[in-house]
Amino acid sequence: MPNPSPQFWAGPLRYWRWAAREKPAFFWSVIIGATGPLMLATIPPISTRLGYERSPPIPMTYPIPSGPRKTLTEYDD
């Protein structure tokens, strides 16, 4: 009779070793998914320390000229 799968809360390291062998797709997807929040906390401070500066935001509107507009005649535009 095969051994039953270990319970996570009884021994997390033993469960992780078992899951890495028996269910590698689930195991690595959890590992990669857990690195996302970790990278949110670590990457921005590291990049600013290395000299990365954020670019200024892209303008969302076209700048309106300050002077009066000239009136067009015929097809001058």
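I shall begin with the basis of the model and then turn to the chain as a whole.

This is a predicted model, in which local features need pLDDT of at least 70 and side-chain atom pairs count only at pLDDT 80 or more, while totals for chains, interfaces and linings use all residues. Residues are numbered from 1 along each chain as its sequence is written, and side-chain values use heavy atoms, with hydrogens and water left out.

The chain holds two helices and zero strands; helices (H or I, at least four residues) and strands (E, at least two) are DSSP runs, numbered from the N terminus. The radius of gyration, taken over C-alpha atoms, is compared with a globule rule of 2.2 Å times the number of residues to the power 0.38. For this chain the radius is 29 Å, well over the 11 Å that the rule gives for 77 residues, so the chain is more spread out than a compact globule. Its C-alpha trace spans about 95 × 35 × 20 Å along the principal axes.

How much of the chain is buried? Buried residues make up 6% of the 77 residues, where buried means under 20% relative accessible area, exposed over 50%, and partly exposed in between (1.4 Å probe, protein chains only). The chain exposes about 8,100 Å², and carbon and sulfur atoms supply 65% of that area. Such areas come from the Shrake-Rupley method with a 1.4 Å probe; for residues, only the protein chains shown count as cover.

Let us turn to the pockets. A pocket is an open set of points on a 1 Å grid over the protein atoms alone, with protein on both sides within 12 Å along at least five of seven lines, and its lining residues have an atom within 4 Å of a point. Grid points are joined across faces, edges and corners, and a volume is the space filled by probe spheres (1.4 Å) set on the points.

The largest pocket has a volume of about 180 Å³. Its lining consists of Tyr15, Trp16, Ala19, Lys23, Phe26, Phe27, Val30, Ile31 and Ala34. Helix H1 (12-22) and helix H2 (24-49) are the elements that give two or more residues to this lining, and H2 supplies the largest share, five residues. By class, the lining divides into eight nonpolar residues, no polar and one charged. Here Ala, Val, Leu, Ile, Met, Phe, Trp, Tyr, Cys and Pro count as nonpolar, Asp, Glu, Lys and Arg as charged, and the others, Gly among them, as polar.

The second largest pocket contains about 150 Å³ of space. Asn3, Pro4, Ser5, Pro6, Arg14, Arg17, Trp18 and Arg21 line this pocket, giving three nonpolar, two polar and three charged residues. Of these, Asn3 lies in the segment before H1 and is exposed, at 73% relative accessibility. Between Asn3 and Ile46, 43 residues apart in sequence, the C-alpha to C-alpha distance is 46 Å.

Finally, the aromatic rings. Rings of Phe, Tyr and Trp (its six-membered ring) pair if their centres lie within 6.5 Å; planes under 30 degrees apart count as stacked, over 60 as edge-to-face and the rest as tilted. How many aromatic pairs result? The count comes to two. Tyr15 and Trp18 form a tilted pair, 5.6 Å centre to centre with 35° between the planes. Both residues lie in helix H1, three residues apart, about one turn of the helix. Tyr15 is partly exposed at 26% relative accessibility, whereas Trp18 is buried at 17%. In the pair of Phe27 and Trp28, the ring centres are 5.0 Å apart and the planes stand at 80°, so this pair is edge-to-face. Phe27 is buried, with a relative accessible area of 17%, and Trp28 is partly exposed at 48%.
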